[in-house]
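Hello,

Here is the structure I said I would pass on. My notes on its aromatic contacts and its core follow below.

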Amino acid sequence: MAQGTVQVTHTGTSRWRRRTGEYASLAAALEAAADGDVLTVAPGTYRENLVVQRAVTLRGPEGSPGSVRIAPVDGVPLTVRASAVVQDLHVEGQDAAAPAVLVEEGTPELSNVRVVTRSAAGIEVRGSARPTVRRCAVDNPAGIGIAVLDGAGGVFEECEVVAAGQAGVAVRGGAHPRLERCRVHHTSGSGLSATGENSALEAVGCEIYEVRGSGVQITGRATAHLTDCDVHRTTADGVTLDTDAVLTLADCRIHDIPENAVDLRSRSVLTLTRTTVRQFGRNGLSVWDPGTRVDANQCEIFDSTGDYPAVWVSDGATAVLDSCRVHDVPDALFVLDRGSRADVVDSDLSQVRNTAVSVSDGATAQLDDCRIRDAATGAWFRDHGSGGTLSNCTLDGTQTGVIVTKGADPTVERCTIDSPAEAGVYVSAGGRGSFQNCRVTGSGGYGFHVIDGSRTSLRKCRTERCARGGYEFADSGADASSGAGPLFEECTSDESAGLRAPAARETAVQTVSHSPGLLGAVPGQRTEPEPRSRPRSRSPSRRPAPPRTCSVNWTRWSAWRASNARCAPSPT
């Protein structure tokens with residue numbers, strides 16, 4: 001289509017200015033226009049580099065979207081340096097070193113502008129500009145979709161990045177845009193990216209999907225706040241935070257992620273409120289490094305598609321889960337390494353194929369008023385220096401309720417373990433632990449099973465309806481004065497013989513090797529059924545008594561008479 005004409009309607013207050021003129025080029029029309037004038041562009045292709053420096057209205061014909069093409073051979077097709085109104089244009093760029101639309105100053109309004117280009121950026125906003133961009137679309141397979149740089153701001157409403165060779169939306173250099181009801185998809189880089197100190201991004205009601213990088217990437221001291229957003233079908237992590245980044249997710253949905261749904265490290269801080277995380281291939285939340293912290297409130301993490309823990313906290317990081325639900329996952333919470341900590345309050349961990357809570361390598365976990373259901377192992381404190389507190393928690397339908405091994409030393413108080421298939425509490429390999437006011441009911445094995453002389457403290461605990469007995473102390477009995485073995489005080493059972501004598505060494509938990517990778521040296525997560533101990537001796541009334549004989553030393557008859565004959569069972 002050939003280049004058309006431009007009609008300029010002068011809207012000045014004087015009679016001389018209120019007139020209409022036609023111009024053969026957009027550049028001539030812009031030169032003649034003044035603030036407030038309306039430039040109506042006829043359908044056609046304009047091979048011009050436009051610069052809007054006055055507060056005019058530049059628009060295509062009504063009812064003909066895409067009929068006005070701004071398509072120069074190189075350079076920036078459209079530059080806006082004033083509080084102008086630009087609408088109903090189709091912009092094409094070919095310069096890989098320049099943006100297709102550049103907004104440098106003022107508070108312009110861009111609406112129904114479609115950018116189809118192979119440029120450095122589809123739309124670039126910089127400096128003091130604060131545009132309002134509505135219902136615009138960017139297709140830029142060669143570069144960034146929308147770039148907001150160098151302290152710029154602006155509001156983007158109902159915009160769409162349909163393709164980008166790099167990030168869909170990039171925020172750098174202290175810029176701070178707001179996105180409302182936007183869609184970003186089919187990008188080769190991140191969907192949304194913010195980096196650099198004082199850079200900030202706010203998104204409300206947006207959807208990010210089908211991106212080859214992370215859905216949302218916040219790095220280098222940048223901050224972001226996402227509300228009611230969807231992030232899904234990414235190739236990399238759903239959300240990535242790195243190097244002092246700060247992100248808040250409220251009422252968001254992160255799903256169908258092949259890697260980590262959320263990964264944060266290097267002193268980054270994440271706050272999640274009423275957010276759901278589901279269908280992830282690795283960790284739902286992956287939290288690394290000292291100073292890194294995640295606070296999740298009223299969130300749900302579920303339906304893992306991989307073999308990794310739903311929440312992973314390591315290398316000195318901290319995670320807080322308050323009123324959250326974690327379910328249908330291989331493992332719910334893994335806390336590793338000295339300095340790492342997890343605080344879980346009033347939360348549900350259920351339908352866990354392996355271990356609900358695993359604490360190892362000197363880490364700490366504190367669970368208050370939590371409910372653990374249908375897990376192979378409720379809580380496993382694995383090794384020396386690992387500990388924490390389980391307070392007022394219920395563990396229902398596990399294979400083994402609580403396991404303490406290799407010098408770990410947790411405090412478990414006011415907890416109820418109901419219907420474990422094997423032991424309610426199992427302590428071995430020098431594990432310690434303090435159990436106070438705890439209750440085990442309906443165990444398929446023992447209530448409390450302590451072996452290897454583990455110095456566990458039991459105080460005011462009770463067992464009921466435990467198939468193999470309430471308390472079993474193997475290799476050392478319950479003797480507070482011996483200095484070895486468990487310490488037993490004011491504990492009760494509904495069976496007549498609440499304490500059992502030491503039995504042969506047994507192993508209730510078998511660790512298995514794990515493939516190298518994220519879990520590293522952490523023992524395998526599968527919990528094997530507790531092997532049966534050797535059969536109990538049948539009662540004397542059921543086993544025939546062996547014949548008894550008297551062995552007499554005939555050569556010392558007088559001594560034998562003085563001491564009486566000693567009777568012993570004959571050899572069998």
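**Aromatic pairs and core**

There are seven aromatic pairs in this structure, which is a predicted model. One of them is formed by Trp288 and Trp312: the ring centres are 6.3 Å apart and the planes meet at 35 degrees, so the pair counts as tilted. Trp288 belongs to strand S35 (residues 285-288) and Trp312 to strand S38 (residues 309-314), so the pair ties together parts 24 residues apart in sequence. Trp288 has 19% relative accessibility and counts as buried because the cut-off is under 20%. Trp312 is buried too, at 2%.

Phe448 and Tyr471 also pair, and this pair is stacked, with 5.5 Å from centre to centre and 10 degrees between the planes. Phe448 is in strand S54 (residues 446-450) and Tyr471 in strand S57 (residues 469-473), so parts 23 residues apart in sequence are tied together. Relative accessibility is 1% for Phe448, which is buried, and Tyr471 is buried at 1%. Both residues are part of one aromatic cluster with Phe435, Phe473 and Phe488.

Two arginines have their charged ends over rings: Arg282 over Tyr308, 4.5 Å from the ring centre, and Arg382 over Trp380, at 4.0 Å.

The largest nonpolar core has 130 residues, and those touching the most other members are Leu192, Leu226, Leu270, Val357, Leu367 and Phe435. Strand S43 (residues 348-360) supplies the largest share of this core, five residues. Beyond its neighbours within four places in sequence, Leu270 contacts residues including Leu241, Leu264, Leu285, Arg293 and Asp295.

Regards

How values were computed. Residues numbered from 1 in each chain as written. Predicted model: local features only at pLDDT ≥ 70, side-chain atom pairs only at ≥ 80, totals over all residues. Heavy atoms only, no water. Core = buried A, V, L, I, M, F, W, Y, C linked by side-chain atoms within 4.5 Å. Buried < 20%, exposed > 50% of the residue type's maximum accessible area, 1.4 Å probe, protein only. Helix = DSSP H or I, 4+ residues; strand = E, 2+ residues; numbered from the N terminus. Contact = heavy atoms within 4.5 Å. Phe/Tyr/Trp six-rings, centres within 6.5 Å; stacked < 30°, edge-to-face > 60°. Lys NZ or Arg CZ within 6 Å of the ring centre and 35° of its normal.
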